[in-house]
Amino acid sequence: MAETNALPLHIGIIMDGNGRWAARRALPRSAGHREGARAVQRTIEAASELGIKYITLYAFSTENWSRPASEIDTLMHLLEKTLDEYQQSAHKRDWRILISGERDRLPAGILAKMDALVRATAENKGISINLALNYGARQELAHAVNRLMKEGLTAVTPQDISRRLYQPEIPDPELIIRTSGEERLSNFLLWQAAYSEFYFTPVLWPDFNADELKKALEAYRARKRRFGGI
């Protein structure tokens, strides 16, 4: 029987619109990315206060490497700064940090900071923040299949695949939010999104805040999830 939704355990967010936010203000794209980083911080804080247990943020996709080198440099600098800030504040706030994605192509310094942050927050009990870095859902599925092949399995179940994804302990997201008015997944959590609800908003990511998050959650709670039933 369909039921009205409670608060989702896990939300995924495709953070889109930094460049357009900057262009509308005649600012360089780097300004949009910096403002987008501030939106990340306030969204995590709002989600934590509302009782969300897991949040996956699409921070850098495997396709983003095709952007200009100067923009990638800006994004890597912001990522390194964000990791430093989380190293200082995540334990105090009881946040747990997880990383999903491929390690290749990421700078060695960032990899070291990622690993240190994951270790330092592993026992924290607050919101789990899953940063999708150098992430692509098709690559994640290939990663799972390669693990299965190495283990010698010749017949697999959906559960076998789920257990070999980047973060198998995280439940599938009940809600996926995408900002900026685009309405597609863009290679984000394709396997896990099988029964996710989607919420698309025209709000550009740098303008996203606690009120916008609450609107998304209200829309989610108003829906009925049938999972193939009546």
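Modeller: Helices (H or I, at least four residues) and strands (E, at least two) are DSSP runs, numbered from the N terminus. The model is predicted, so local features need pLDDT of at least 70 and side-chain atom pairs pLDDT 80 or more, while totals for chains, interfaces and linings use all residues. Residues are numbered from 1 along each chain as its sequence is written, and side-chain values use heavy atoms, without hydrogens and water.

Colleague: What is the volume of the largest pocket?

Modeller: A pocket is an open set of points on a 1 Å grid over the protein atoms alone, where a 1.4 Å probe fits, with protein on both sides within 12 Å along at least five of seven lines; lining residues have an atom within 4 Å of a point. Points are joined across faces, edges and corners, and the volume is the space filled by probe spheres set on them. For the largest pocket this gives about 760 Å³.

Colleague: Which element gives the largest share of the lining of the largest pocket?

Modeller: The lining holds 33 residues, with Met-15, Asn-18, Tyr-58, Ala-59 and Asn-64 nearest the centre. Two or more residues come from each of α1 (18-24), α2 (29-50), β3 (54-61), α3 (69-93) and β5 (128-135). With six residues, the largest share belongs to α3.

Colleague: How many residues of the lining of the largest pocket are charged?

Modeller: Ala, Val, Leu, Ile, Met, Phe, Trp, Tyr, Cys and Pro count as nonpolar, Asp, Glu, Lys and Arg as charged, and the others, Gly among them, as polar. The lining has 16 nonpolar and nine polar residues, and its charged residues number eight.

Colleague: Which element gives the most to the lining of the second largest pocket?

Modeller: This pocket has a volume of about 230 Å³. Its lining includes Arg-34, Arg-38, Gln-41, His-77, Lys-81 and Glu-85, and it divides into four nonpolar, four polar and four charged residues. At least two lining residues come from each of α2 and α3. The most, seven residues, come from α3.

Colleague: Is Asp-94 buried, partly exposed or exposed?

Modeller: Asp-94 is in the loop between α3 and β4 (96-100), and its phi is near 70 degrees, positive although the residue is not glycine. Buried means under 20% relative accessible area, exposed over 50%, partly exposed in between (1.4 Å probe, protein chains only). Because its relative accessibility is 30%, Asp-94 is partly exposed.

Colleague: What is the relative accessible area of Leu-189?

Modeller: Leu-189 sits in the loop between β6 (175-178) and β7 (197-200). Its phi, near 50 degrees, is also a positive value in a residue other than glycine. Leu-189 counts as buried because its relative accessible area is 4%.
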